[in-house]
Amino acid sequence: VIQVPSKVNNITMELCTKVGLVFDSLVSSMDVINSKKVQVQCTGSVSSISVDKAHEVTLYLPASYADTVITTSLSSDVNIVTPGKTEMDDMNEAAVPYQFQSKHNGTEWVTETLRHE
């Protein structure tokens, strides 16, 4: 596990496998590129997280996650873990979809997340 205890401008993880990263706060962004089986935890604040060509990425965000924008591209098995409403609640885990379906509505192409119901 790599720890970055102070506030820095940005962090890029590239070509990493089975790496854990814990950081306090970022001024700019966190980038995960061409990586597999990584875990990233923010304990302070981060405005932007980008996951590109990565697989099995888990992002742990603090209670102040509402302003964080997460962008994924060509990635699979990306999960976002956030705190529960109170300290007694379990953590919330959400999977980022990576399957989409495009349909033409008569005027334009509309792309939506593919849902398996």
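The model is a predicted one, and in it the protein chain holds zero helices and twelve strands. Read from the N terminus on, the elements therefore run as β-β-β-β-β-β-β-β-β-β-β-β. Along its principal axes, the C-alpha trace of the chain spans about 55 × 35 × 25 Å.

**Chain as a whole**

- Of the 117 residues in the protein chain, 31% are buried.
- The accessible surface of the chain comes to about 7900 Å², and 48% of that surface belongs to carbon and sulfur atoms.

**The six-stranded sheet**

- Six strands form an open sheet in the order β1-β3-β5-β7-β9-β10, and the pairing in this sheet is mixed.
- The edge strands of this sheet are β1, which covers residues 2-4, and β10, which covers residues 92-96, and each of them pairs on one side only.
- From one strand to the next, the twist of this sheet averages 15°.
- Strands β1 and β3 pair in the parallel sense over three bridges, and within this pairing the partner of Ile2 is Leu21 in β3.

**The four-stranded sheet**

- Four strands form an open sheet in the order β2-β4-β6-β8, and here the pairing is parallel.
- The edge strands are β2 (11-14) and β8 (69-73), each of which pairs on one side only.
- The twist in this sheet averages 10° from one strand to the next.
- Strand β4, made of residues 29-33, is joined by five bridges to strand β6, made of residues 48-52, and the two strands run parallel.
- One of the residues in this pairing is Ser29, whose bridge partner in β6 is Ser48.
- As a general point about such sheets, the side chains in a regular strand alternate between the two faces of the sheet.

**The hairpin of β11 and β12**

- Strand β11 (residues 100-104) pairs with strand β12 (residues 109-113) in the antiparallel sense, over five bridges.
- These two strands form a hairpin with four residues between them, and in the turn Gly106 has a positive phi of about 100°.
- Across this pairing, the bridge partner of Lys103 in β12 is Val110.

**The nonpolar core**

- The largest nonpolar core has 21 residues, and those with the most contacts inside it are Phe23, Met30, Val32, Val40, Val51, Val57 and Leu59.
- At least two residues of this core come from each of the strands β2, β3 (20-23), β4, β5 (36-42), β6, β7 (55-60) and β9 (76-82).
- Strand β5 gives the most to this core, with three residues.
- Leaving aside residues up to four places away in sequence, Leu59 touches Val40, Ile49, Val51, Ile70, Val78, Asn79, Ile80 and Val81.

**The cysteines**

- A disulfide is a covalent bond between the sulfur atoms of two cysteines.
- The structure holds zero disulfides.
- Cys16 counts as buried because its relative accessible area is 18%, which is under the 20% cut-off.
- Cys42 is likewise in no disulfide, and this residue is buried too, with a relative accessible area of 4%.

Definitions and conventions
Residues are numbered from 1 along each chain as its sequence is written. This is a predicted model: local features need pLDDT of at least 70, side-chain atom pairs count only at pLDDT 80 or more; totals for chains, interfaces and linings use all residues. Side-chain values use heavy atoms; hydrogens and water are left out. Two strands pair if DSSP finds at least two bridges between them. Axes are lines fitted to C-alpha atoms, for helices over the stretch in contact, and angles run from 0 to 180 degrees between N-to-C directions. A disulfide is a pair of cysteine sulfur atoms within 2.5 Å. Buried means under 20% relative accessible area, exposed over 50%, partly exposed in between (1.4 Å probe, protein chains only). Accessible areas come from the Shrake-Rupley method with a 1.4 Å probe; for residues, only the protein chains shown count as cover. A nonpolar core is a set of buried Ala, Val, Leu, Ile, Met, Phe, Trp, Tyr and Cys residues joined through side-chain atoms within 4.5 Å. Contact means heavy atoms within 4.5 Å.
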